[in-house]
Amino acid sequence: MNLDFILDVLSTGLRMATPFILVGLGGLISLSAGDLNISLEGFMLIGAFFAVLGSYLFESYVIGICFAVLAALIYGLLFGLFTIKLKADVFVVGIALNLLASEATVFFSRLFFNVRGSFSDPRIEGIPNIHMAFLDDIPVLDQLLNNHSAFVYISWIMIVIFWFLVYRTPYGFYFRAAGEHPEALETTGIRVNKIRWIANTICSVMCGLAGAHLSLGYLKMFVEDMTAGRGFIALSAVIFGGSNPVTMAITSLLFGLAEGISLRIQNMGIPSQFTLMLPYLTTILALIFRAVRKSRKTTTLLTSIALTDTETKGGKL
Amino acid sequence: MKNSKKSVNSLVSILGVFLATMLFGALIMLMIGKNPLQAYAAMFSYAVGDVSAITNLMNRSMALILAALCAAVASNAGIYNLGGKGQIELGAIAAAVVGYKLIGLPIYIHLPLCILAAIFMGIIGAAIPGYLRVKWKVDEVISTIMLNSVFFMFTSYLANYPFRDMTRWSGTTPPVEESAKLPFLIQSVELRSGIIFALVAAAIVYWIFNYTNQGYRWKMIGLNPRFAQYGGVNVGKDQMKAMILSGLLSGLAGAVLVCGSNYRYWESIAGPYGWDGVLIAMLAKNNPIAIIAVSFVFSIFKNGALGMEQVANVPSDLTGVLLAALILFITGREFVSILFRKRKHIILVDEEVKQ
């Protein structure tokens, strides 16, 4: 285990965490507004496909990103139409949209590119890596932080922006109120559904960006079902990290690191399944931990109520 | 009388949605310059055109029916089980390992052992989130989704390392013994008896739902858990029972997949069955008889896809798009009608107030 290897794993982890952070920030807003969107995976896949399509048609990654965001927005419109407008079951719509994304992207890729499986072409322009010259001479930091794809840095900036959005603007409050006490929000004269639409829009944009990063960031290609469960990992980061963008991002980094480690040890012939399991397992453990703590609190509350109850009744049960 | 009218109405509206979906598909095909009539004809002839097509249909439907029952039993009792995928994987690898490790047993011992092993693992897979829910109120939607991936990684490890078939590239177990295969229902067309398991399971679930105390309690919990609690139902215990039955069914689905059609486990053998099961249960409103019908519709779409591709040159993935559209149309239809009903109701109330 030399330093180079460790730095390599850490740097891979930073890279792997980026889609989780981008999607997670969107999912966090959506969840705090009360919608558990389990189709983050599908949103991201749609973004990834249309990023490649845009970049291929116009030979420009900027247009690719625009395509991705636009497509994800249309997808978000669909999600909002069914969940907010028609009040359909969020999980059913989520599962259906995941199915739709995975089938529609293959269908489109056969329609437009006439291939299935994966599509790459020299015309596709990728998102450039960012080289920071001032880091060149600093040994460890250079290897760790330099020459990542642009979205890696953008995602870090996004964390700060979202922190401000959640904790320093009224919207953060509205989102949480829409999720936790919609009636209370409604009485203040703010339409809950409007807030949910805004949250849904933010979430769609973030998923579109993450999709673009996935297909144009390093690979410059679209692969069938290339999200490979990343949407669900982001979802677990959201659930693990709660509504705080910073804790969510830290969780995402840890999950990214777990992915990075799995990638490296897989190459060395060690089973990677157990490291790949970690994000899901830690999320479940965190849920249990939180739930146990909460139930203890409620039990003590209940026993104290019961005790006062029995006291007032003169101890007769 | 009223009931039959209602069911006729819902049948008509489901047919309407089905037609709308087909029209939607036809529109897409016209847009990409293909012939929709030719494509649909090919789809049906590939899915139900001859005996072997119908055999394939049965083979695909059996696991779908079981997976849908698994979702239905849980959600009927007010507890979601979105973990069908992981539980089916667990059941399948258990059946496969017992199926190839034990050698020289007669079929009437070996086959039940395989099925029991699968059911056991399926129950474990469902009981964990069920227990967490009942004991500590851990949200079962999230825990079942997360456990899907955990179980998948676990079975993937088993199939790649301890139980791997070294003659194959990766991620498969060796083929099961002859004594672990479900007997043929009709030998000449290679129809295995898995479909019987699915149909019997559906009948039993139908019976439990409609003719037993347990079914009544589940229905009460599903409609209003608090009311059921006040009525003296032990909600936690009954939901736990529902999760166990749900896990049993998904384990059975895994066993049927291995012993009834694939004869070995491979990575993500459960494939789309887990999620499709949830969707089918939702479309069928947890009614076991409707689940059989909807599962066959799903299978017709999926099996007919190849026909559409080969005859009419329509990408086979269009059928997946159509299935997703069907689900969205149906959810949309239901809720649109509810909205209308609510409006009517409000107007009526208004009039009453005026009077």
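Biologist: How far is B:K85 from the ring centre of B:F152?

Modeller: A charge sits over a ring if NZ of Lys or CZ of Arg is within 6 Å of the ring centre and within 35 degrees of the ring normal. B:K85 lies over the face of B:F152, and its distance from the ring centre is 5.1 Å.

Biologist: What kind of model is this?

Modeller: Residues are numbered from 1 along each chain as its sequence is written, while chains are lettered from A and ligands numbered from 1 in the order in which they are written. Side-chain values use heavy atoms, without hydrogens and water; local features need pLDDT of at least 70, side-chain atom pairs count only at pLDDT 80 or more, and totals for chains, interfaces and linings use all residues, for this is a predicted model.

Biologist: Which ring lies under the charged end of B:K181?

Modeller: Look 4.5 Å from the charged end, at the ring centre. The ring belongs to B:Y263.

Biologist: Are A:F232 and B:W275 buried or exposed?

Modeller: Buried means under 20% relative accessible area, exposed over 50%, partly exposed in between (1.4 Å probe, protein chains only). Both A:F232 and B:W275 are buried.

Biologist: How many aromatic pairs does the structure hold?

Modeller: One aromatic cluster includes A:F49, A:F50 and A:Y56. Over all chains, the number of aromatic pairs is 28.

How values were computed: Rings of Phe, Tyr and Trp (its six-membered ring) pair if their centres lie within 6.5 Å; planes under 30 degrees apart count as stacked, over 60 as edge-to-face and the rest as tilted.
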